[in-house]
Amino acid sequence: MNEFQRRQVKNRIIVVILVGMLCVYLFPIYWMFSTATKTKLDAFSLPPKWVWRPQIENFRNVFYVGAGGALGRVKGIEVKPKPSAFLRQLGNSIIVSFVSTLLATFLGALSGYVFSRMRVRGKDDLLFVILSSRMLPPVVIAIPLVMMYRALGLFDTLFGLIIMYTVFNLAFAVWMMRSFVDDIPIEYEEAALVDGYSRFQAFFKFIFPEMRVGMVATAIFSLIMTWNEFTFSLLLTGERARTAVPSIAHSLGTAGVNWGHIAAGSFLMVLPVVVFTFLLGGNLIRGFTFGAIKE
Amino acid sequence: MVGIRNTWANRVSERGMLYLFLLPTFVLLLFLVIFPLIWSLYLSFCQYSANAANPPIFVGIRNFSFIFQQKEIWDRFAVTGKFVAMAVVVEFFLGFFIAMLLNREFYGKGVLTTLFILPMMFSPAVIGKFFRFMMDTNWGIINYILGKLFGIPKIAWTTSYEYALPSIVVADVWIWTPFIVLLSLAGLSSVPKYLYEAADVDRASGWFKFRYITLPYVAPILLLAVLFRTMDAFRFFDLVYVITEGGPGYSTQIIPFYIYKLAFSYWHTGQSCALAYVLLIIIIALSNIYITYLNRLRRT
């Protein structure tokens, strides 16, 4: 074997090792899926059942109260399943994530453009303040915020949660969008200005459309982060506006812990994130370094 | 051209545009971050309980001196430090090892890398909750596998003094090792190939290449990763909340969790604000270093 072949073989072996490690590493996700699709009895049996017939009982029970065994007629009375609190909370998660993401991405694109292209007095300090707001421990800000929200009637409202998440994502969006605008050639604007467009027009007509790739990446990141957020939702909401994550943390509010339900709910939270992560692809590193490292 | 010039949009000056674009961002920051912070600074000098009818009473620095005199607070700082140290060390070596393995050309590299990255994209609270299920002493899958494969007797993961903090570390490692993988990969791919080729010509050893070529390129990014993870340990308490609820005793009460307890279980609002400010100063110091490093990376 020559040097090249030896490297090839070594590479193959390492890839096999990597796949093996991955299987061990992602075992908890497999286990989540298996717990969610097993019957209560099978979920707790040790040694575990490696072969089982998948069933959707748990998912149905997570969505509908009374959808379990009592579906149909009980003592001659028809039992209709009612939507559960978790279904509403999942809806809240979706609304809050999408609205705050849209707002943060749009406002972040505007500010990101300014910070990338225009001369701003004390730019570095302003950017530092913006990113610091992101670095703050949520609990620090939450203590006064809870009092403020109660006083203003924003406590336990979707609106209150949305504006908080908008701010939370905005810092990230500003830094991300600034790095994306940096990549757009300055000639775009110069040409437009020569044609008689104002800077404002040039931005919306030529630059803003060029920023769409960056905005999509920023939006996906914000979406995932809001979807996953725990502390603010825990502290700023009660019954009505609560999102899914703290609800799962509190065992979906059921008396006693039903792990089948929790696994089903958790799996529903995890699944969209998998899809969105694959959509992000090469932008992952950029997102986690606030645009500093580009692939 | 007339269409371009005779509209209001054409008359927006550059100054005007600057203010228009930055205003919403700063109004939101002012309203939801800066104002609350000023308020809590005031409260940190007051004796106050948010669920009592009494208004805040100004007491000077009493909250701060009280905090620093309490042994329990220092214990909680120690717990936080222990947690960061254990988690970061394991994540660091594991993550860097995986990144070294991933740093080569092969079919399906992108998919494999993304699959390794996945755990850090999930909600820690959700994942932590499920780890608690897997870590159950009697019917948890982790004890079962450890027993079957290695003959280890059942461990009381989340409920014993010795293992409560390690069980949070285990969940943390599962979630955040990908972060080190991601940053290490970025560092590794930034090393110019010709340096290795030159080293090969000189018949340099593998260790030499690692020490004098790889490490200098990767080190700044890894420092960033360690810094970020340290900050996270002072910021979030999701895992503690769902896995051990701070117990047994207060053996897993990291600082942010303790602040949460002070503020929303014991309702010592004044004290919690004071401790929050201490934490804030730590975080600002750390993030200052962090952002400086980010900016330096951005320029290169």
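Predicted model: local features only at pLDDT ≥ 70, side-chain atom pairs only at ≥ 80, totals over all residues.
Student: Staying with α14(A), where does it sit relative to α11(A)?
Tutor: Helix α11 of chain A covers residues 212–228 and helix α14 of chain A covers residues 259–280; their axes come within 10 Å and cross at roughly 155°. Angles over 145 degrees count as roughly antiparallel, and α11(A) and α14(A) are therefore roughly antiparallel to each other.

Student: Is that crossing left-handed or right-handed?
Tutor: The crossing of α11(A) and α14(A) is left-handed.

Student: Which residues make the contact?
Tutor: From α11(A) come A217(A), I220(A), L223(A), I224(A) and W227(A), and from α14(A) come V273(A), F276(A), L279(A) and L280(A). By class, the contact of α11(A) with α14(A) has 9 nonpolar residues, no polar ones and no charged ones.

Student: Turning to chain A as a whole, what is its secondary structure?
Tutor: Chain A has 15 helices and 4 strands. Its radius of gyration is 25 Å, well over the 19 Å that the globule rule gives for 295 residues, so chain A is more spread out than a compact globule.

Student: What box do its C-alpha atoms fill?
Tutor: Along the principal axes, the C-alpha atoms of chain A fill a box of roughly 80 × 75 × 35 Å.

Student: How much of chain A counts as buried?
Tutor: Of its 295 residues, 45% count as buried. As for contacts in chain A with a separation of 6 or more, 69% are between residues 24 or more positions apart.

Student: Now the backbone: what is the phi of F290(A)?
Tutor: F290(A) has a positive phi of about 55°, although it is not a glycine. F290(A) lies in the segment after α15 (284–288) of chain A.

Student: Is F290(A) buried or exposed?
Tutor: F290(A) has 22 C-beta neighbours inside 10 Å. The threshold for a buried residue is 20 or more, so F290(A) counts as buried.

Student: And what about W267(B)?
Tutor: W267(B), a residue other than glycine, has a positive phi near 60°. W267(B) is in the loop between α12 (255–264) and α13 (269–299) of chain B. With 15 other C-beta atoms within 10 Å, W267(B) is partly exposed.

Key. Residues numbered from 1 in each chain as written. Chains lettered and ligands numbered in written order. Axes fitted to C-alpha atoms, helices over the stretch in contact; angles between N-to-C directions. Helix = DSSP H or I, 4+ residues; strand = E, 2+ residues; numbered from the N terminus. Parallel < 35°, antiparallel > 145°, perpendicular 65-115°, else oblique. Left-handed = near helix turned anticlockwise from the far one by under 90°. Contact = placed C-beta atoms within 7 Å. Nonpolar A, V, L, I, M, F, W, Y, C, P; charged D, E, K, R; others polar. Rg over C-alpha atoms; globule rule 2.2 N^0.38 Å. Buried ≥ 20, exposed ≤ 12 C-beta atoms within 10 Å, placed from the backbone.
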